[in-house]
Amino acid sequence: MQIDWREQARLGSRFILKLVLFSLLIYGGLLLIKPMVESITAWGSSLVLVLLGIKSWSSGNLVMFTNQTAKIIELCTGSMELSLLLGAVLATEDRTWRQKAWGVVFSIASLYIINIVRVGVTLASAVWFGWKFAELIHTVLFKFFLVFAILGLYALWYIWIPWPVRKKN
């Protein structure tokens, strides 16, 4: 089987162009609702702290716990990562729009759960081990989140999410 490298380069270039365009549009949309996204992240992170046995509550983009306050900013929300992941899902040409819709739902739910747990665990580590350790955890978890969450969730969707699409007989 002969591989047509020009065709592959054309398809790859088209994917990258669509990825960039979709990601920028999605990121712009998320910036329009930034306060809501920050509040959801704060609320979820507070819930993670409570589940870990740490008294916590949220108000807007603030998480209060053990006489401390953490401010959730845009970079804490995972919006950039979500934009890239959704951009990749929507740019994938060999999936149907129904499969892409399932990919969008799967990506949003999965990425926000992962991100909220990441932020909650980082804040919990500050309570348990101090802020210097929490900064280390934040750095490590943030890089892990960037690389593995985006690539891993995309791969999961690409390989396994076609299940909701029924084949016609």
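Trp 128 is partly exposed, at 46% relative accessibility. Here buried means under 20% relative accessible area, exposed over 50%, and partly exposed in between (1.4 Å probe, protein chains only). Phe 129 is exposed, at 56%. This is a predicted model: local features need pLDDT of at least 70, side-chain atom pairs count only at pLDDT 80 or more, and totals for chains, interfaces and linings use all residues. Residues are numbered from 1 along each chain as its sequence is written, and side-chain values use heavy atoms, without hydrogens and water.

The whole structure holds six aromatic pairs. Rings of Phe, Tyr and Trp (its six-membered ring) pair if their centres lie within 6.5 Å; planes under 30 degrees apart are stacked, over 60 edge-to-face, and the rest tilted. Trp 128 and Phe 129 form an edge-to-face pair, because their planes stand at 80°, with centres 6.4 Å apart. Ring pairs join Trp 128, Phe 129 and Phe 133 into a cluster.

Tyr 154 and Tyr 158 are stacked: their planes meet at 25° and their centres lie 6.0 Å apart. Both belong to helix α5 (residues 131-160), four residues apart, so about one helical turn separates them. Helices (H or I, at least four residues) and strands (E, at least two) are DSSP runs, numbered from the N terminus. Tyr 158 is partly exposed, at 26%.

Arg 95 lies over the face of Tyr 158, 3.8 Å from the ring centre. Lys 100 lies over the face of Trp 97, at 4.2 Å from the ring centre. The test for such a charge is NZ of Lys or CZ of Arg within 6 Å of the ring centre and within 35 degrees of the ring normal.

## The nonpolar core

The largest nonpolar core has twelve residues, including Ile 26, Leu 30, Tyr 112 and Phe 145. Such a core is a set of buried Ala, Val, Leu, Ile, Met, Phe, Trp, Tyr and Cys residues joined through side-chain atoms within 4.5 Å. Helices α1 (5-32), α3 (79-91), α4 (97-129) and α5 each give at least two residues to this core. The largest share, four residues, is from α3.

## Strands and hairpins

Strands β1 (residues 56-59) and β2 (residues 62-65) pair in the antiparallel sense over four bridges. Pairing takes at least two DSSP bridges between two strands. Ser 59 stands opposite Leu 62 in β2. Two residues lie between β1 and β2 in their hairpin, where Gly 60 has a positive phi near 60°.
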